Amino acid sequence: MQEFSLLTVILDLIPAEKYNEDHTNIINSLITFIQAYTGSHSQNVLGLLGATCDTSKWLFNSRQIDMESQYRILQIRDELTKNIESLIADISENLMEKDIIGFSRITSALCKSLCFHNVEKLKAKEKIQSRILILSTSDFDTSQYIDTMNCIFSAQKDNIVIDVCRLGKTDSSFLKQAASLSGGIYLKCNQESLLLNLMTHFFPDNLTRTNLITPVVDNVDFRTTCVCHQKVIDLGYICSVCLTVYCSFVPICHNCRTKFSFDKKRL
Ligand SMILES: [Zn+2]
Ligand SMILES: [Zn+2]
């Protein structure tokens, strides 16, 4: 029996100062991708999450739309546009109140994606292939490093592949780690070539990819960040109980309260 696939797309809606930018190009590319993906197997499921500096919210779920209706393109477009606009409007107001521009809540979106995959897996009567695709535009918030790594390890354990499509000129070393550790694809592109890359690299499922030449994730920076300063470090101290990383010696682990009984002078 042919396996069907479950895909969650996480759309990063940062940077906040560009909230008024036109997202039409991204939305059009996503509509075509959603059409093709859900049309390629009657039971394929696609969920779309939006992540901003304040929150992450579901923007679209193919289960809530009649994908056989002749008006489905209009329905998908209406649903996406309405939800993205409402999410951006909420954040703009909040930002004005708080006067801050933060990082996007990719980790929160990753957690929701993993829950979605768990629910769908429990409902499914047959084996499903699971993937998460992150459309990333902003810098990664290093304070979310541990939570993100926990999500990546959970995804690894459940054989969920994490793909990353980086929209912009700079790389994200943490998302590179996510793609590399979960066996996914990391690709950098611009908005104009988004649709081409979505259809070429991110459309094929895990099984089909074994017969294709896919982009290789290279030059992955596997360094970690300390919990105390959120700095990327080469060498640090690690708690042997909870694996929390520190850049300098601490007598008691801030996370699990374990007391370290070594002689500090010998460290
Ligand atoms: Zn530190
Ligand atoms: Zn600890």
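## Exercises on strand E2

Strand E2 (residues 45–51) is mostly covered, with seven of its seven residues buried. Here, buried means that 20 or more other C-beta atoms, placed from the backbone, lie within 10 Å of a residue's own. Strands (E, at least two residues) and helices (H or I, at least four) are DSSP runs, numbered from the N terminus.

This is a predicted model, where local features need pLDDT of at least 70, side-chain atom pairs count only at pLDDT 80 or more, and totals for chains, interfaces and linings use all residues. Residues are numbered from 1 along each chain as its sequence is written, while chains are lettered from A and ligands numbered from 1 in the order in which they are written.

**Exercise 1.** Sort the residues of E2 by the way they point.

*Solution.* Start with the rule: in a regular strand the side chains alternate between the two faces of the sheet. Now walk along E2: Val45, Gly47, Leu49 and Ala51 point one way. Leu46, Leu48 and Gly50 point the other way, and all of these residues are buried.

**Exercise 2.** Find the strands that pair with E2.

*Solution.* Two strands pair if DSSP finds at least two bridges between them. Take E1 (residues 4–12): seven bridges link this strand to E2 in the parallel sense, and Asp12 sits opposite Ala51 of E2. Next comes E3 (residues 56–61), which runs antiparallel to E2 with five bridges. Leu48 faces Phe60 in E3.

Key: A residue is buried if 20 or more other C-beta atoms lie within 10 Å of its own, exposed if 12 or fewer, and partly exposed in between; C-beta atoms are placed from the backbone.
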